[in-house]
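Let us walk through this model together, chain by chain, and then look at how the chains meet. Please keep the structure open as you read.

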Amino acid sequence: MTDDTHGEIVLRVNDVTHRLLVDNRTTLLDALREGIGHTGSKKGCDRGQCGACTVLCDGRRVVSCLTLAVAAEGAEITTIEGLAGDGELRPIQREFVRLDGFQCGYCTSGQLCSAVGMLAEHAAGWPSAVTADVSPDAPAPELDAAEVRERMSGNLCRCGAYPSIVRAVLSAAREEVAG
Amino acid sequence: MKEFAYRRATEVRDALTLVAAGDGARYLGGGTNLVDLMKTGVEAPARLVDVRFLPLDGVREAADGGLVIGATTTNSDAAAHPEVRRRYPALSEAILAGASGQLRNMATVGGNLLQRTRCGYFADPSQACNKRVPGSGCAAIAGEHHNHAVLGWSRHCAATHASDMAVAMAAFDAVVHYETLDGPGELPLAEFYPPVGDTPDRETALPPGALITAIALPGSAVSPRSRYRKVRERASYAFATVSIAADLDVRTGSARIALGGVASRPWRARRAEAVLREGPLTADRFRAAADAELSAAEPLPGNGYKVTLARNLIVAVLTELADRAPA
Amino acid sequence: MNAVNSIGVARPRIEGQAKVTGRARYAADKPMRDLAFGSVVVSTVARGRIRDIDVAAVKGMPGVLGVIDYRNAPRLNPEAGHFFGPDGGLQLLQDDVIPFAGRAVALVVAETLEQAKAAADTLPVTYDQEPHDTGFTADHPNARPAAPLFDGPEDIGDLEAELAASAVVVDERYHTPEEHCSAMEPHSATAWWEGERLQAIDSNQGPFFIATVLATLFSLGFEQVRVRTEHVGGGFGSKGMCGPQLVLATMGATLFRRPVRVTLTRDQVFLMTAMRPATEQPIRLGADADGRLRAIQHEPAFELSPLAEYIEGCTEPTKTLYAAPAIRTRNTAVPLDILPPYSMRGPGAAPGSFALESAMDELAERLGLDPLELRLRNEPAVGPVSGLPFSSRNLVACLRTGAERFGWATRDHRPRTRREGHLLVGTGMAATSFSVGAFPSVASITAEVDGTFTVIIAATDLGTGARTALTAIAADALAIDTERVRLRISDSELGPAWSAGGSRGTTSWAWAITEAAAQLRDQPRDPSRRVTVTVDTTQLLNDLPSMERHAYSAVFTEVTVDPATGEVRVRRLLGMFAVGQVVNPLTARSQVIGGMIGGLSMALHEEGVRDQVSGRHVNADFAGYHIAAHADVPDIEADFVPDYEPGIPFGIKGAGEIGNVGTAAAIANAVWHATGKRQRRLPIRLDRVVE
């Protein structure tokens, strides 16, 4: 069925091309989960209010629940399933396990994708709401716990793994950015 | 969510034509607000015209020493842009205080100006709301209005405007540029959001079908020491209870102040600005300026604290700006 | 005999790798052929009757398979219930009566998620509305004594005489709002029939218990029902019951004879699944001038629904924390037209200790005494109400160690004495307890011929670390390495077992595993044969002597307050815990820290707001109902004092709820210390602080 409200789209997910017939209403999150079978991205609220569905879209973190699948056509999507290399955990994943950066694990894929995107934003010199001076002439903000907390605040965790997540992000930051 | 058609526009004129064709077509930017409202049934467009691929992206220099921010520039890119940070730091701070990193990566500057109120009654189609269904009433005024307006509201609607970015833009006298099939137009931010009156559903002064193309920040408003401060019920990732964008020239007493979270639109605090122009910038004058602005406040039974909060915030931020100013 | 010790060793979670790579499957993640999706329609009125549901209006919509409402839904057994007797909350789609806003009125089943949701949004439902009452107050005319199932009323000593003889009396009233469990995973169930057997994958806290309720509800034999759980995205109490998602998915599978998945939307999680009821708690404390308590009176009221009995046992800590010659407690229930409340993390004790420990701080203030010293002076020798001995009571160790680490000794106890620029700074503390113990469970262990041991128990891991902890316990009980333990959990077929709840999951399961291991080790072994031992702990638990058994903690915190804006920030949070022997220090620390963050969130953010005109929630989403975000949470210090619970294998106690209890009072006390203004109403919002 292809009409005004449905159509075939091409989604690039974790370097793999997928052809999908989607309802225009289908969000990127549902296309990933129901269409491609990548259920690692989670639907915590479906309203952009929790961050559990965070994926990388052309390298930038976005919430896939408010991204329409049709609007994501042409973008390079990276999900939790594509975050690691072949069999090897990325440093950020390794540190989440080592430092217990999760409990129930439901927000974890969103926290991880968000952290990867956030570290790139910080490396690019982006300030945050807790950066003392946003001027480009001021020194770039050090990535300390306060910066990580502010920048990760779009990812809720009800188990309260926040302190461990912050430690894991800080611990992995150097390797992640260098890698 | 109702079924809808989706089109990507690559030319501004195509986008205008597709929306002008009617059928409740809407422009789709980042979708952070529109898609959400479609999920709750508040919005039900028959067609979405995706404008993110139009050549409206990026920040460029304006002839007057100001900046022009393209409408499809993401909030993140606008906030991170070196010249925005250098000349209009309060704007960068305002954008960074809004939503989350993910949402700022998606949301566009044009779309941000058009975001709808976060009033819980507006978001719930089974409740009365004059903004959503004109004439249906306002459930908030008799109901839960803890975070509703204290300035400039009417008995038809007490909802607040949710944008942080727009508050800073109001302080900087930004000008909204748009296109229509009949040609381009522009609206100063002060006129962009009409007063609530008895038409809370009419949220902007844009002509029907108009597409925002850019927002111009005047060179006359360049303020390297401007400041945005936001107070909310969580340290991050929450809408403003009260916020303020301010810049202050300590030599002349010239100030630009706008408040967020207190009215149906970014609230330009012109009374406070007038008081500051009148004399030396003492602590008393800051208090007098704040009092002058809030003298017009009409709190509802459940949100009087916002008047106190807004008053304190004006004084606190003016004090901070005065303290930071070079001797 | 133990060759290796796994208990006490900090180990990352067994399922850690699966969780950081997205491979861990939760209830809505399992791919399934021929799957249909159910979307729930909920009532928009708080009380009344359904006038009409116009099914014809959506039947022709694309993909719609059908609509279930009270006219065609399978009949349910009204006797089905949870811990408090028959539960009307389970009786979905049985009649036209609307008992509260958010009650399910229909399930729309369609081929895709989008189609089901679109039809559910479209389905016209009209009501004959009746006046509702959702206004909670302790002196409501319908207030009645709470059911005395547990936390029943107590009255020892002569309360009025002791109060009259007291040098100082605190007489205050404390309020907590409706709070929502808010697990990140929305409730989801997939149900289907295999012949005469009902199969379900559900997000819940105890597949065995849920299966028994589901069987009763649908009048099926228990052997006809199988409920599996696997990974669960948090529960915090809200998944302890047979949830609406499972009831409705079962109805869908029954009527449409194919697998049906029902996942609640986030707003439906708020509207339909267990919340903590609002409470109003008058307290009177009387003490001698030297701080010795003479009288404790704590008579809370909480709201509930006439559909289901429930007890928010706020006075549980009051009966055991401090010695006093007169103690009176009594719980009052106020029936309203609301969602039936149920246990949320730290049930009773979390709101109850907020009141009690705030009142203790007020008492210390009026006595001019160090609040720490006040607690130490009222340490009981035996249960103050029960008279029973304490099994292990290490509250004093928590208090002293915590105070030392926090640097409490240098505190100036007068309020509003510390300033940093425009900020006020204050510190506060609270002590607390949460009851522990175990419930009957069945475990079996099979010695495999390859030298491994298969350990089977219908436990669940909500993120508590149960998989990792039970593996360590089994290894030590069998005196083997953890690598030789194969643990199977999360399936109702694995036999009766207590749920993950009441801080009794790990203890109950560990007991059964330990006993099975002991019996297996006692058997003569032929390594070439599989041997299985199955143990039911029911009798063992009956033999456990009656004692006061509790976990304890002391929480210390430092806050900053901006009086101009009302912003409160928690700068330091330190908890010392006595939770028995710690099985896994890494995951146990995470669990108590998570609990403290829940307490922080309760103190500063959480509030279910109800519009009294419509009787409905107005903040049923994460933008409106705030839970603490990263930026609200400082680095948190948590540690354990040496503790061992006698009579329970390996001396363990539950740690799931104690962290949640006490933190809110500590923060409220710190806000008072910073500002001089008492916070007797949660959450501590901007408007309650701004000056």
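In chain B, the mean position of the 37 positive charges and that of the 35 negative charges are 3 Å apart. Lys and Arg count here as positive and Asp and Glu as negative, while His and the chain ends are not counted; each charge is placed at NZ of Lys, CZ of Arg, CG of Asp or CD of Glu.

A word on the ground rules before we go on. This is a predicted model, in which local features need pLDDT of at least 70 and side-chain atom pairs count only at pLDDT 80 or more, whereas totals for chains, interfaces and linings use all residues. Residues are numbered from 1 along each chain as its sequence is written, chains are lettered from A and ligands numbered from 1 in the order in which they are written, and side-chain values use heavy atoms, with hydrogens and water left out.

The C-alpha trace of chain B spans about 60 × 50 × 35 Å along its principal axes.

How much of chain B is buried? Of its 327 residues, 63% are, where buried means under 20% relative accessible area, exposed means over 50%, and partly exposed lies in between (1.4 Å probe, protein chains only). The accessible surface of chain B comes to about 11500 Å², and carbon and sulfur atoms account for 50% of that; such areas come from the Shrake-Rupley method with a 1.4 Å probe, and for residues only the protein chains shown count as cover. Among the contacts in chain B with a separation of 6 or more, 62% are between residues 24 or more positions apart, a contact being heavy atoms within 4.5 Å.

Now turn to chain A. It has five helices and five strands, and along the sequence they follow the pattern β-β-α-β-β-β-α-α-α-α. For its 179 residues, a compact globule would have a radius of gyration near 16 Å, and the 17 Å of chain A agrees with this. The C-alpha atoms of chain A fill a box of roughly 55 × 35 × 30 Å along the principal axes. Buried residues make up 67% of the 179 in chain A, and the chain exposes about 5800 Å², 49% of it supplied by carbon and sulfur atoms. In chain A, residues 24 or more positions apart provide 57% of the contacts with a separation of 6 or more. The mean positions of its 17 positive and 25 negative charges lie 6 Å apart.

Next come the interfaces with chain C. The size of an interface is often given as the accessible area lost when the parts come together. Here, buried area is what two parts lose on being put together (1.4 Å probe), summed over both. Chain A and chain C bury about 4100 Å² between them, with 57% of it on carbon and sulfur atoms. On the chain A side, Q103(A), R158(A) and Y162(A) lose the most area to chain C, together 19% of what that side buries. In residue terms, 50 residues of chain A are in contact with 55 residues of chain C.

The contact takes 28 residues from chain B and 32 from chain C.

Finally, some loops of chain C deserve a stop. R525(C) sits in the loop between α12 (505-522) and β28 (531-536), and this arginine is partly exposed, with a relative accessible area of 39%. Leaving out residues up to four places away in sequence, R525(C) touches A447(C), F453(C) and L520(C). Of these, A447(C) is 78 residues away from R525(C) in sequence, with 9.1 Å from C-alpha to C-alpha.

S490(C), in the loop between β27 (485-488) and α12, has a phi near 70°, a positive value in a residue other than glycine. S490(C) is buried, at a relative accessible area of 4%. D34(C), in the loop between α1 (16-20) and β1 (36-42), also has a positive phi, near 65°. Last, L682(C) and P683(C) are joined by a cis peptide bond with omega about -5°, and P683(C) lies in the loop between α15 (663-675) and α16 (686-689).

Key:
Helix = DSSP H or I, 4+ residues; strand = E, 2+ residues; numbered from the N terminus. Rg over C-alpha atoms; globule rule 2.2 N^0.38 Å.
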